[in-house]
Protein chains: 4
Amino acid sequence: MGSSDRDDANARAASLRAAFFTGWTKQVGLEPVELTSSVVVAQWYADARHVQPHGIVHGGVYASVVETCCSVGALLAAPEGTIMVGVENHTSFLRPAREGRLTARAVPVQVGRRAHLWECNITDDAGRLIASGRLRLMATDAGSQASG
Amino acid sequence: MGSSDRDDANARAASLRAAFFTGWTKQVGLEPVELTSSVVVAQWYADARHVQPHGIVHGGVYASVVETCCSVGALLAAPEGTIMVGVENHTSFLRPAREGRLTARAVPVQVGRRAHLWECNITDDAGRLIASGRLRLMATDAGSQASG
Amino acid sequence: MGSSDRDDANARAASLRAAFFTGWTKQVGLEPVELTSSVVVAQWYADARHVQPHGIVHGGVYASVVETCCSVGALLAAPEGTIMVGVENHTSFLRPAREGRLTARAVPVQVGRRAHLWECNITDDAGRLIASGRLRLMATDAGSQASG
Amino acid sequence: MGSSDRDDANARAASLRAAFFTGWTKQVGLEPVELTSSVVVAQWYADARHVQPHGIVHGGVYASVVETCCSVGALLAAPEGTIMVGVENHTSFLRPAREGRLTARAVPVQVGRRAHLWECNITDDAGRLIASGRLRLMATDAGSQASG
């Protein structure tokens, strides 16, 4: 892509970077590592905030991370002015984690004009797959978003 | 059921009630309203903690609430000593919400010996359906839980 | 609704009825029982055509039935000229069935302008729930459908 | 693995190869190309049998192929005597196909002692991704299978 496209993508990535530090994604403590239209990487430290009663990380944390990383990737991959809204989040829980750094890596399965499918894998520092989810997103105009 | 069974179920419900006020479910601010083996009702007030950058409630909040309500129901419906762990959380986002009280209501689709399927609908105070999800859970013994 | 609307809906139901007897839905042997914009009921007889190697009905049969019933319902519920295409089919298998009549009943979870979510339960003649699935559909114009 | 393990795996693959030519998988017309514990590849020719009323391949065909390929892979990856039964099939439809050869390729996301998660991508001869699904399977003993 040309340099103005790249500047534009960089500006959008910077704007999305800020989004990690507000609202629900801030509650997770998720920090952006790499934000591009083909891969989103983010990390957080699992601790007492994130657990369910048995002391392992709550499935909703993983689904939240899948939602954020896939949504950010979809926004970066969509044409400017198009809002991508998550409509279906399907997250599978593969191995319990209790604490420590976890890394999420989202990539597109399909980027279409009207809909995307993104996938996000979450691993621990030993490289083990902890959870994996997919988010289906629909394109909408700025006024009518659904959720996500 | 007999009165000792009922006492037992009441004791477990009391124990699970406490679980709402620790870890990730406390981060949501979810409060239990009704906890039985056939229905779980809980509520929270959506505010600035829960939103994504467009000011609407983040999809991960709904998935987290689905996860908690279905997991609590499954634990109440399972024989004592059986741990039910969520393995697949599938949450659909149906209508954006910005703030105010939201109510989650989880019911069993199937309660088997080795696996359950639970469903949770989330509505606003106008009775509109905001999100709806399903959680597949597997039975395990106390030592080997997966997530959830 | 007025009588011309009803005539129109009846005409569309008749047209969709024919669709049961072509292509993949004919392979299943699925027969329409009730086709309206708020409920779709259909039945088939499970036999040797439908099984996997252990002699029980193959999960793909249930997913196919979910897909057909929810798609037909969505078409009946959408404004005329709008094509609803399935984008995500999520089917849960709850109890094995070997043979005999099975009944599918699909109802809308949400009917929006741009997207629907439908749900379909499949039961045997003893009223036991065998499988249950959900189909997310997106509205499109007649020229650009995705699948379904 | 040792040569007797390999012989054993080959014997199981031969047995599963036969399974493609019975019941529902035969209805699809799916033919095995490669059957191992780490990848399952199969192909079929989409034609008039497989379509929905708009002339494109019915979503249930893709879900059926996902179910078969992931189930066969899970059986090959599980210890002998363990039956893996599909409990949740989640298939996403990405691009319409009308006719011609389609190729399914299933790989494990996670192979655990008690549960697996497999993923299956379906592409056309131009290499385009047409559909993609995931199957969650649970281990069971030979007598109590659920579906699949």
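Modeller: Two strands pair if DSSP finds at least two bridges between them. Helices (H or I, at least four residues) and strands (E, at least two) are DSSP runs, numbered from the N terminus. The model is predicted: local features need pLDDT of at least 70 and side-chain atom pairs pLDDT 80 or more, whereas totals for chains, interfaces and linings use all residues. Residues are numbered from 1 along each chain as its sequence is written, with chains lettered from A and ligands numbered from 1 in the order in which they are written.

Biologist: In S3(D), which residue is the bridge partner of C:Thr91?

Modeller: Strand S3 of chain C and strand S3 of chain D, residues 83-93 in chain D, run antiparallel and are joined by 5 bridges. Within this pairing, the bridge partner of C:Thr91 in S3(D) is D:Asn89.

Biologist: Which residue in S6(C) stands opposite C:Glu88?

Modeller: S3(C) is also joined by 10 bridges to strand S6 (residues 129-140) of chain C, and these two strands run antiparallel. In S6(C), the residue opposite C:Glu88 is C:Arg136.

Biologist: How many residues of strand S3 of chain C are buried?

Modeller: A residue is buried if 20 or more other C-beta atoms, placed from the backbone, lie within 10 Å of its own; 12 or fewer make it exposed, and values in between partly exposed. Strand S3 (residues 83-93) of chain C is largely enclosed by the rest of the structure, because the number of its residues that are buried is 11 of the 11.

Biologist: Which element gives the most residues to the side of chain B that touches chain A?

Modeller: Residues are in contact if their C-beta atoms, placed from the backbone, lie within 7 Å, and here the contact takes 36 residues from chain B and 36 residues from chain A. Helix H2 (23-28), helix H3 (59-77) and strand S3 (83-93) of chain B are the elements giving two or more residues to this side. With 8 residues, the element that gives the most is S3(B).

Biologist: In S3(B), which residue is the bridge partner of A:Thr91?

Modeller: Strand S3 (residues 83-93) of chain A and S3(B) run antiparallel, with 5 bridges between them. In S3(B), the bridge partner of A:Thr91 is B:Asn89.

Biologist: Which element gives the most to the side of chain A that touches chain D?

Modeller: This contact takes 9 residues from chain A and 9 residues from chain D. S3, strand S4 (100-111) and strand S6 (129-140) of chain A each supply at least two residues of the side in question. With 3 residues, the element that gives the most is S6(A).

Biologist: How many residues are in the largest nonpolar core?

Modeller: A nonpolar core is a set of buried Ala, Val, Leu, Ile, Met, Phe, Trp, Tyr and Cys residues joined through C-beta atoms within 7 Å. The residues with the most contacts inside the largest one are A:Cys69, B:Cys69, C:Cys69 and D:Cys69. Not counting residues up to four places away in sequence, D:Cys69 touches D:Val40, D:Ala42, D:Ala104, D:Ala106 and D:Cys120. The number of residues in this core is 168.

Biologist: Is D:Leu75 buried or exposed?

Modeller: D:Leu75 lies in helix H3 (residues 59-77) of chain D, and the helix is largely enclosed by the rest of the structure, because 17 of its 19 residues are buried. Beyond residues up to four places away in sequence, D:Leu75 touches D:Leu16 and D:Met84. Because D:Leu75 has 25 C-beta neighbours inside 10 Å, it counts as buried.

Technical notes:
Two residues are in contact if their C-beta atoms, placed from the backbone, lie within 7 Å.
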